[in-house]
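Here's a quick briefing to read with the model open beside you.

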Amino acid sequence: MEQVSVKGQRFLALDALRGLAALWVVYFHIYGGLGYLAVDFFLVLSGFILVHRYWYAGKPVTPREFINHRLARLYPLHLYTLLVFVLVHWLIYWKMPSFRDGALFTFIQQLTLTHNIGLSPQGLTWNYPAWSVSVEFFVNILFIFLITRQTRSGTLFLLGTFGILVLFMQHGQLNTQSENYFGIVNSGLLRGMSSFLLGILSYRVYLFYQDDWRVARYAIWLEMLCVLAVMGIIVSRTGSSMGMDVFVPYLALLMVAIFACEQGWLSRGLRKLAYLGEISYSVYLNHLVVLMIFRYFAKQYGWDKPVILGLTFVTVLVYSHFTYRYLEIPLGKAWRKGLTWLTTASPSPRT
């Protein structure tokens, strides 16, 4: 969840979509529904962003530099929100949460970003939206070592589709994170890799069509079709259509490529909401603690869900503004500088 620029300009419409998706996750944790699909959108967008940044827009980096960058981007805020979750949970309940895989074991996994790679298949733990942070980090590692600019688009599509097909055959939908298939394949990792590969393909679609006159001419219709398709999946996902969400990564592929062009009035209008994208990572990791606090008070004062939703939205947006500005950005820079120094420092000469 990070900003990216092309030709000196950020993809502001994509920033806005990412921010709206983060708020959808907040809504999902109050009302239920399909907000979990926002994670698949994040992962498609992550593939789009990282290939732009590390393959096409910037100077080449070594795997070590890439891993340093990803740790600096993902870990500081993850660690902060994990510790805040522990503190708030203790203050509210005067005890630590219990998990089927053990509180200490799962906490160590959270500290090492290994909490969703198959070591703890009994369910989500601690600040549980952070399951996707673990997935994204290890998917990024696989990306830098196994995928190159020479990897064929057909290969990316087939691998992504194979992963989604396995998820559908095993689970019937995409709302799965912790289960292990065949004893070795974690569903969250498989879900993350599949969407990430389609995100790489999305960037290639964008590169191919960004200057095509037909995109400019039909942009608004393409954008509206994407929105209508999203609404259609949401409305139709009942009964025999429960598995419709497996098409969302493909829709996200097209939607990201189309909105990245910023040719229609809808995408240009979304540019005004770009700041939501800047703070979206903070929103995503902060909201569970905020929601936990308001649910505690809701039991005492009888607040209903609309009140909880409104209070959570306002509080998490304000709170995330400050964590983004005073924690996420400065800590990320400090960690990146420190990791770079640690991994490039020359050993002392022997005497």
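Trp221 is exposed, with a relative accessible area of 60%; exposed means over 50%, buried under 20%, and partly exposed anything in between, with a 1.4 Å probe and protein chains only. Bear in mind that this is a predicted model: local features need pLDDT of at least 70, side-chain atom pairs count only at pLDDT 80 or more, and totals for chains, interfaces and linings use all residues. Residues are numbered from 1 along each chain as its sequence is written, and side-chain values use heavy atoms, with hydrogens and water left out.

**The patch around Trp221**

- Trp221 is found in helix H8, residues 213-236; helices here are DSSP runs (H or I, at least four residues), numbered from the N terminus.
- Trp221 also belongs to a nonpolar surface patch of about 800 Å², together with Trp213, Tyr218, Leu222, Leu225, Leu228 and Met231.
- To join such a patch, a residue needs over 30% relative accessible area and no salt bridge, and nonpolar side chains (Val, Leu, Ile, Met, Phe, Trp, Tyr) are joined within 5 Å.
- The areas come from the Shrake-Rupley method with a 1.4 Å probe, and for residues only the protein chains shown count as cover.

**Helix H7**

- Helix H7 covers residues 187-209, and its end C-alpha atoms sit 33 Å apart, which agrees with the 33 Å that its 23 residues should span at 1.5 Å a residue. The expected span is 1.5 Å times one less than the number of residues.
- H7 is largely enclosed by the rest of the structure, because 18 of its 23 residues are buried.
- Asn186 caps the N-terminal end of H7, with a side-chain oxygen 3.0 Å from the backbone nitrogen of Gly188.

**The loop between H4 and H5**

- Asn116 is in the loop between helix H4 (103-111) and helix H5 (131-146), and counts as buried at 2% relative accessibility.
- The side chain of Ser120 makes a polar contact with the side chain of Asp101 at 2.7 Å. A polar contact is a pair of N or O atoms within 3.5 Å; within protein, one must be able to donate a hydrogen and the other to accept it, and residues adjacent in sequence count only if both atoms are side-chain atoms.
- Leaving aside neighbours within four places in sequence, Ser120 is in contact with Asp101, Thr106, Gln109, Thr125 and Ser178.

**Salt bridges**

- The structure holds 5 salt bridges, each a side-chain nitrogen of Lys or Arg within 4 Å of a carboxyl oxygen of Asp or Glu.
- Arg191 forms one of them with Asp40, the closest N and O atoms being 2.8 Å apart. This pair links distant parts of the chain, with Arg191 in helix H7 and Asp40 in helix H2 (residues 37-57), 151 residues apart.
- Arg191 counts as buried at 1% relative accessibility, and Asp40 does too at 0%.
- Glu136 pairs with Arg70, the closest N and O atoms being 3.3 Å apart.
- Glu328 and Arg73 meet in a salt bridge of 2.8 Å, N to O. Here Glu328 sits in helix H13 (residues 305-344) and Arg73 in helix H3, 255 residues apart.
- Glu328 is buried with a relative accessible area of 6%, and Arg73 is buried with 16%.

Definitions and conventions:
Patches are made of residues with over 30% relative accessible area and no salt bridge: like charges are joined within 9 Å, nonpolar side chains (Val, Leu, Ile, Met, Phe, Trp, Tyr) within 5 Å. Helices (H or I, at least four residues) and strands (E, at least two) are DSSP runs, numbered from the N terminus. Contact means heavy atoms within 4.5 Å.
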